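This briefing goes through one protein chain, topic by topic. Look over the sequence and the structure below before reading on.

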Amino acid sequence: MKNNLTEIVTYYKGCGAPSDQSALLACLREAQDACGGILDAAAQQEIGEILGVKPSYLQAVTKRISDLKLSGAAHTLTVCTGVNCSRRGAEIRRYLEKELGAQSGKTFLNGRWMYLTAGCQRACRTSPNVRIDGQLVTGITLNTLKKRLFQT
Ligand code: FES
């Protein structure tokens, strides 16, 4: 597996990844297949080392592409950390990070959810905003988020 992953990433590096976005996405998709369907932290680390980018860069790319998975979590919650969402959604982040212990880039709620943070989603007027499984959810309240977290 490891040699296969190295081979794949090295090949796509030769094709222009990571600066060539289409080569990078093809690389990540093939790497994900080779890793059993998930680009976990170890795979991100190895890919990042070969391509010369930080795992956080790969996470930022991956979270925008719905068929790339960073964990075996059934769902992904991405919280906007832009200025407006941070101000209006402070209680949401406090709940997630203090009460549920969510850490960006890691799973929470017994591995059912992946927690990610992202910069401004260009929908500030309706803040606070989050993405649930890649779909923008605007003007979310803490109660609505709790329902989604525990009923989805
Ligand atoms: S700050 Fe969240 S959408 Fe702009």
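Is L28 buried or exposed? L28 is buried, because 26 other C-beta atoms lie within 10 Å; a residue counts as buried with 20 or more other C-beta atoms within 10 Å of its own, exposed with 12 or fewer, and partly exposed in between, the C-beta atoms being placed from the backbone. The model is predicted, so local features need pLDDT of at least 70 and side-chain atom pairs count only at pLDDT 80 or more, while totals for chains, interfaces and linings use all residues. Residues are numbered from 1 along each chain as its sequence is written.

- L28 has its place in helix 2; helices (H or I, at least four residues) and strands (E, at least two) are DSSP runs, numbered from the N terminus.
- Leaving out residues up to four places away in sequence, L28 touches L39, T62 and L68, where contact requires C-beta atoms, placed from the backbone, within 7 Å.
- L28 and L58 are 30 residues apart in sequence, and their C-alpha atoms are 8.7 Å apart in space.
- The largest nonpolar core has 30 residues, of which V9, C27, A31 and Y115 touch the most other members; such a core is a set of buried Ala, Val, Leu, Ile, Met, Phe, Trp, Tyr and Cys residues joined through C-beta atoms within 7 Å.
- At least two residues of this core come from each of helix 1, helix 2, helix 3, strand 1 (75-80), helix 6 (90-99) and strand 3.
- C27 touches I8, V9, Y12 and A17, again not counting residues up to four places away in sequence.

**Helix 3 against helix 4**

- The axes of helix 3 (residues 41-51) and helix 4 (residues 55-62) come within 8 Å and cross at roughly 110°; axes are lines fitted to C-alpha atoms, for helices over the stretch in contact, and angles run from 0 to 180 degrees between N-to-C directions.
- Helix 3 is therefore roughly perpendicular to helix 4 (65 to 115 degrees; under 35 is roughly parallel, over 145 roughly antiparallel, and the rest oblique).
- On the helix 3 side, Q44, Q45, I47 and G48 meet P55, L58 and Q59 of helix 4.

- Five strands form an open sheet in the order 2-3-1-4-5, with mixed pairing; two strands pair if DSSP finds at least two bridges between them.
- Strand 2 and strand 5 (135-137) are at the edges with a single partner strand each, so one side of each has no neighbour in the sheet.
- From one strand to the next, the twist averages 35°.
- Strand 4 and strand 5 pair in the antiparallel sense over three bridges, and I132 stands opposite Q135 in strand 5.

**Backbone details in the loops**

- A cis peptide bond with omega of about 10° joins A17 and P18, and P18 is in the loop between helix 1 (2-14) and helix 2 (21-34).
- The peptide bond from S127 to P128 is also cis, with omega near 5°; P128 is in the loop between strand 3 (113-118) and strand 4 (130-132).
- L109 is not a glycine, yet its phi is positive, near 50°. L109 lies in the loop between strand 2 (106-108) and strand 3 and is partly exposed, with 17 other C-beta atoms within 10 Å.
- R122, in the loop between strand 3 and strand 4, has a positive phi of about 60° although it is not a glycine. R122 counts as exposed because it has 10 C-beta neighbours inside 10 Å.

How values were computed: Two residues are in contact if their C-beta atoms, placed from the backbone, lie within 7 Å.
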